[in-house]
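Subject: Structure for your review

Hello,

Please find the structure below, with the sequence alongside. My notes come after it.

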Amino acid sequence: MLKKLCCPIDKSDLHIDIYNEDETGEVLEGLMVCPTCKRYYPIIYSIPIMTPDEYRQKALEAPMMERWGIDVGKEENGTFLLENHRPLLK
């Protein structure tokens, strides 16, 4: 299903990093990043968080992001951007 998702802002394909999955291959934690607009969308408890920026709360996403060593920087103008994200190599 993750391969069918696109960025809700500009409809670009998302790059997906998987940080934790179960024995069946279901993604438990991960990160989807739009290479065009640089927005990030975490996957937390197998749920892709893809709500509009104005409805997201960085404090709810921060524990997972920090656990995986992802620096999200400061929120600018209510957007959730990752300027220097490098996808995992698998």
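The notes below go from the overall layout to the salt bridges, the helix, the cores and a few backbone angles.

This is a predicted model, in which local features need pLDDT of at least 70 and side-chain atom pairs count only at pLDDT 80 or more, while totals for chains, interfaces and linings use all residues. Residues are numbered from 1 along each chain as its sequence is written, and side-chain values use heavy atoms, with hydrogens and water left out.

Layout

The chain has one helix and four strands; helices (H or I, at least four residues) and strands (E, at least two) are DSSP runs, numbered from the N terminus. In sequence order the pattern is β-β-β-β-α. Of the chain's 90 residues, 36% count as buried, where buried means under 20% relative accessible area, exposed means over 50%, and partly exposed is in between (1.4 Å probe, protein chains only). The accessible surface of the chain is about 6100 Å², and 53% of that belongs to carbon and sulfur atoms. Accessible areas come from the Shrake-Rupley method with a 1.4 Å probe, and for residues only the protein chains shown count as cover. Among contacts in the chain with a separation of 6 or more, 42% come from residues 24 or more positions apart; a contact means heavy atoms within 4.5 Å.

Salt bridges

The structure holds four salt bridges, each defined as a side-chain nitrogen of Lys or Arg within 4 Å of a carboxyl oxygen of Asp or Glu. One of them pairs R39 with D53, with the closest N and O atoms 2.8 Å apart. R39 sits in the loop between β2 and β3, and D53 in the loop between β4 (47-48) and α1 (58-67), so this pair ties together parts that are 14 residues apart in sequence. D53 also meets R56 in a salt bridge, at 3.9 Å from N to O. R56 in turn has a salt bridge to E61, at 2.9 Å from N to O. Through shared partners, R39, D53, R56 and E61 are joined into one network.

R56 is buried at 7%, and E61 is buried at 4%.

Helix and cores

E61 is also one of the buried residues of α1, which are K58, E61, A62, M64 and M65. An α-helix has 3.6 residues a turn, so residues three or four places apart point the same way. The cover over the buried residues of α1 includes β2 and β3.

M64 and M65 belong to the largest nonpolar core. A nonpolar core is a set of buried Ala, Val, Leu, Ile, Met, Phe, Trp, Tyr and Cys residues joined through side-chain atoms within 4.5 Å. This core has eleven residues: Y19, L31, V33, Y40, I44, M64, M65, I70, V72, F80 and L82. At least two of its residues come from each of β2, β3 and α1. A second, separate core has nine residues, including L2, C7, Y41 and I43.

Y19 has a polar partner as well: its side chain makes a polar contact with the side chain of D17, at 3.5 Å. A polar contact is a pair of N or O atoms within 3.5 Å; within protein, one must be able to donate a hydrogen and the other to accept it, and residues adjacent in sequence count only if both atoms are side-chain atoms. D17 lies in strand β1 and is buried, at 3% relative accessibility.

Backbone angles

Which residues other than glycine have a positive phi? K11 has a phi near 70°, and K38 also has a phi near 70°. K11 is in the segment before β1 (15-21) and counts as exposed at 56% relative accessibility. K38 is in the loop between β2 (27-33) and β3 (40-44) and is partly exposed, with a relative accessible area of 29%.

Regards
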